[in-house]
Amino acid sequence: MKNRIDRLFEYIAMANKKVDCVLVSRASFPDINFFYFSNASGGLFDGGFLLLYPDGSSKLFTSGMEQEAAEKSNGDFEIFVYNSRDEKVRLLREHIKGDNLGFSFSSIAYLEVEKLKETFKGNLVDVTKEIMYTRAIKDRDEIKQIRKASEITSKTFSHVPQMLEDGMTETELSLKIEFDLRNNGASSLSYESIVAFGANSSLPHYESSSSELKPGDFVLLDFAGKYNRYCSDMTRTFFFRSASHEQKMIYDTVLEAQMIGLDALIPGAIAKDVHDAVAKFIDSTKYKGKFIHSLGHGIGLETHDALGLSPISDYPIEENMVFTVEPGVYIPGFGGVRIEDTVVVRKGEPEILTNYTKDLMVI
Ligand SMILES: [Mn+2]
């Protein structure tokens, strides 16, 4: 596979944009694109930046504080060190090539752009989309990290049945889960864990509270570990002590919906058609209108990475894109079920990276 910078400039050329050099800045936000293009393994590089060139080369600019981290990193870049704001500006002036500077307009604060305009007088070109497309297709190394993160997460899911206790709070279960994730080798959490008991499970982005677990509850768990900056994402819904007929019906519907989504996720399919196939199925059941979010999202360095699987996603699916497939049915005041896996698009069926049973589990 071609290197990431070459692929970025290919997308820029395909969009007929004229860009002589791309700036990836760590000045405003923790812009994850910096780590994507540098592949820097350690360090934070606050205030630092990268310049990417059409010949596939790159330069990393850092304060003296992180010179060592830059040198120890396995990135393929030339390193330049500045020790003052003036030196930084001088380096920028010296190394920005040409009159057309590309950067992601969604990743730099307005204030930083104002400063940049004092340093660079040429054209500023937005390459947000091109970076997004580059990042959407994962290389072998990225898939390896996501696979590892997913294995860690799946292992914790397999420990959940032993964790559930009558009367425990959502917060208590979160703590047990997060301890277990770290114990299995997660470097951190991919996102804030969602632990929802009973009727709380009807809120897709529920925040855990002091609600107590009781027999007959839905137990919706959406949590995942990170490994080497790479995320995974997984949801399972269990039932505590018993499951009613209605709960089982919801579960079976969501499970079937997920199978439909996985079957449709093949190279060449248009992303929104994958979402639509699932939404259409759920709408053909008694749970019409109860699937209230998009089917999934890209995942990688960020939990919500690049392209999604939503009703407005009009791009074609390609091999080695990594997505979540996560249909759900939510009944306010009663509860909800979501089943989510992290998967890699392959030639035939997608490869599922998060592996734990999807059989209805009454614990
Ligand atoms: Mn997700």
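This is a predicted model: local features need pLDDT of at least 70, side-chain atom pairs count only at pLDDT 80 or more; totals for chains, interfaces and linings use all residues.
Strand 5 (residues 100-103) and strand 6 are parallel partners joined over 4 bridges, and here Phe-103 stands opposite Asp-126 of strand 6.

The buried residues of helix 6 are Glu-130, Ile-131, Thr-134, Arg-135 and Ala-136. These buried residues pack against helix 1 (4-14), helix 2, strand 6 and strand 15 (322-325).

Helix 2 (residues 33-38) contains Ser-38, a residue worth a visit of its own. Ser-38 has a relative accessibility of 2% and therefore counts as buried, the cut-off being under 20%. A polar atom of the Ser-38 side chain lies 2.7 Å from the backbone oxygen of Phe-34. Beyond residues up to four places away in sequence, Ser-38 touches Leu-50, Leu-60, Gly-75, Asp-76 and Phe-77.

Next comes an open sheet of 3 strands, arranged in the order 8-9-12 with antiparallel pairing. Strand 8 (194-197) and strand 12 (235-239) each have a single partner strand, so one side of each is left without a neighbour in the sheet. Neighbouring strands of this sheet are turned by 10° against each other on average, again with direction ignored. Between strand 9 (residues 218-222) and strand 12, which run antiparallel, there are 5 bridges; Leu-221 has Arg-236 of strand 12 as its bridge partner. Two helices pack on this sheet. Helix 7 (residues 140-163) touches strand 9 and strand 12, and its direction makes about 15° with that of strand 12. Helix 8 (residues 170-183) touches strand 8 and strand 9, with a direction at about 145° to that of strand 8.

The loop between strand 7 (188-189) and strand 8 is the place of Ser-190. With a relative accessible area of 9%, Ser-190 is buried. Leaving aside neighbours within four places in sequence, the contacts of Ser-190 are Ala-224, Gly-225, Lys-226, Cys-231, Ser-232 and Thr-303.

The model also holds a manganese ion, coordinated at 2.1 to 2.4 Å by Asp-233 (OD), His-297 (NE2), Glu-326 (OE) and Glu-340 (OE). Along the sequence, these donor residues are spaced D-x63-H-x28-E-x13-E. Asp-233 and Glu-340 link distant parts of the chain, being 107 residues apart. Asp-233 sits in the loop between strand 11 (230-231) and strand 12, while Glu-340 sits in the loop between strand 17 (335-338) and strand 18 (341-344). Asp-233 is buried at a relative accessible area of 3%, and Glu-340 is likewise buried, at 0% relative accessibility.

Strand 17 brings us to a hairpin. Strand 16 (328-331) and strand 17 run antiparallel and are joined by 4 bridges. The hairpin they form has 3 residues between the strands, and Gly-333 in the turn has a positive phi of about 80°. Tyr-330 stands opposite Gly-336 in strand 17. Both faces of strand 17 are covered, with Gly-335 and Val-337 buried on one side and Gly-336 and Arg-338 buried on the other.

Finally, the largest nonpolar core has 36 residues, and Leu-265, Leu-309 and Ile-317 have the most contacts inside it. Helix 9 (245-264), helix 10 (271-283), strand 15 and strand 16 each supply at least two residues of this core. A second, separate core has 31 residues, among them Leu-8, Ile-12, Tyr-36 and Ile-299.

Methods. Residues are numbered from 1 along each chain as its sequence is written. Side-chain values use heavy atoms; hydrogens and water are left out. Two strands pair if DSSP finds at least two bridges between them. Axes are lines fitted to C-alpha atoms, for helices over the stretch in contact, and angles run from 0 to 180 degrees between N-to-C directions. Contact means heavy atoms within 4.5 Å. Buried means under 20% relative accessible area, exposed over 50%, partly exposed in between (1.4 Å probe, protein chains only). A polar contact is a pair of N or O atoms within 3.5 Å; within protein, one must be able to donate a hydrogen and the other to accept it, and residues adjacent in sequence count only if both atoms are side-chain atoms. Donors are N, O and S atoms within 2.8 Å of the metal (3.2 Å for Na, K and Ca); water is not among the atoms, so sites may look incomplete. A nonpolar core is a set of buried Ala, Val, Leu, Ile, Met, Phe, Trp, Tyr and Cys residues joined through side-chain atoms within 4.5 Å.
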